[in-house]
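My entries follow in the order in which I made them.

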Amino acid sequence: MSNHDNVPVKYAYKGANLISFGTSIKLLFTGYLTTIAAGYIMALIQILFTHGMADGQFGLSLNDIVYSYYGDRSGSVLESKLNGSMKYNAPDEERFKIIQWVRDGASEQEYNTTIKAVVDQNCVTCHNADAGSLPDFSKFENLQKVSESSHGATFQSLTRLSHIHLFGISFIFMFVGLIFSFSTGIPCYYKYPAIVMPYLFLLIDIASWWLTKLSPHFAWLVIVAGFGLGLSFAFMWCVSMYQMWVLGGIRKQSDRRNAILRD
Ligand code: HEC
């Protein structure tokens with residue numbers, strides 16, 4: 001790479017930029033970008049396993065996001081099972097008694113007077129203490145747990161997640177953006193938005209969690225913001241790596257007095 005005319009970027013070897021940086025700085029930046037990219041992939045896998053399974057099916061869908069933040073308020077696990085895979089384990093009038101009890105608020109008093117007998121007779125043959133993975137319905141608390149309808153993420157968990165994400169992710173994009181801002185030859189109308197967009201999408205992303213908790217209609221906003229965040233990350237990552245190692249190449253350095261710039 002002794003022939004500078006091969007470099008398509010104007011002024012590429014002048015001043016402090018990703019092409020002209022010394023190898024030690026490039027290695028430092030590359031180490032950071034590589035580790036952060038691995039972290040990003042892990043985060044995506046984690047999302048797939050937590051939110052992706054929220055609607056009971058693998059893979060991320062709009063429903064997953066609604067269930068995660070807004071909850072499934074259409075009913076409880078108990079009611080949907082009694083209308084689904086547990087339908088034939090009790091005669092209809094017994095099933096309706098349990099469903100009515102759930103809809104009335106699953107009180108312990110009514111459980112003791114009528115529901116316990118119904119459950120003991122129809123369900124506890126399978127749902128008992130020895131059943132292993134199945135919930136033990138001979139205990140009131142276990143039945144009560146599946147009778148609650150889900151209200152999604154709690155206020156506390158959202159506040160906790162929001163502040164961790166705001167602090168943590170803005171820190172990540174501080175350094176990714178700083179490295180990328182040393183890129184050269186990128187038109188301003190790509191460069192400036194790429195630096196600002198992660199922060200904008202981060203704020204929209206966090207806001208969309210809270211909005212989705214209020215109304216399921218905002219679930220698409222979570223996807224749009226997450227996609228935007230990923231896109232600007234990928235753009236800055238690829239441009240930085242390309243300029244450092246492809247355009248920059250590795251030149252022999254005879255004089256190493258300059259730590260920042262290549263001689
Ligand atoms: C023949 C055995 C059997 C009987 C009787 C039975 N169940 Fe189940 N139940 C299962 C099995 C197996 C599962 C797990 C598979 C599934 O979810 O369909 C299950 C799952 C459930 C679940 C979901 C638990 C969870 O944590 O996801 C609920 C709720 C439930 N049963 C309620 C009942 C009720 C109420 C009755 C009585 C009317 C009943 N079952 C009777 C075998 C039984």
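**Entry 1: H7 against H9**

I looked up the crossing of H7 and H9 to begin with, and it is left-handed; a crossing counts as left-handed if the near helix is turned anticlockwise from the far one by less than a right angle, and as right-handed if clockwise. The contact involves Val176, Gly177, Ile179 and Phe180 of H7 and Phe233, Met236, Trp237, Val239 and Ser240 of H9, two residues being in contact if their C-beta atoms, placed from the backbone, lie within 7 Å.

Helix H7 (residues 155-181) packs on H9 at an angle of about 45°, and their axes are 9 Å apart. The axes are lines fitted to C-alpha atoms, for helices over the stretch in contact, and the angles run from 0 to 180 degrees between N-to-C directions. H7 and H9 are therefore oblique to each other, since angles under 35 degrees count as roughly parallel, over 145 as roughly antiparallel, 65 to 115 as roughly perpendicular and the rest as oblique. Helices (H or I, at least four residues) are DSSP runs, numbered from the N terminus.

I reminded myself that this is a predicted model, in which local features need pLDDT of at least 70 and side-chain atom pairs count only at pLDDT 80 or more, while totals for chains, interfaces and linings use all residues. Residues are numbered from 1 along each chain as its sequence is written.

The crossing of H2 and H9 is right-handed. Leu62, Ile65 and Val66 of H2 meet Ala219, Trp220, Val222 and Ile223 of H9, and by class this contact has seven nonpolar, no polar and no charged residues.

**Entry 2: the record and the ligand**

Under "transmembrane region", the unreviewed UniProt entry lists residues 27-49, 164-182, 194-212 and 218-247; positions are given in the numbering used here, feature names are shortened, and annotations may be inferred rather than shown by experiment. I checked residues 218-247, which are 97% helix and 0% strand, with the end C-alpha atoms 43 Å apart.

Around the ligand are 17 residues, of which Ser85, Asn89, Ala90, Cys123 and Cys126 come nearest, a residue being near if its C-beta atom, placed from the backbone, lies within 6 Å. Helix H3 (residues 77-82) gives the most to this shell, with four residues.

Terms used. Helix = DSSP H or I, 4+ residues; strand = E, 2+ residues; numbered from the N terminus. Nonpolar A, V, L, I, M, F, W, Y, C, P; charged D, E, K, R; others polar.
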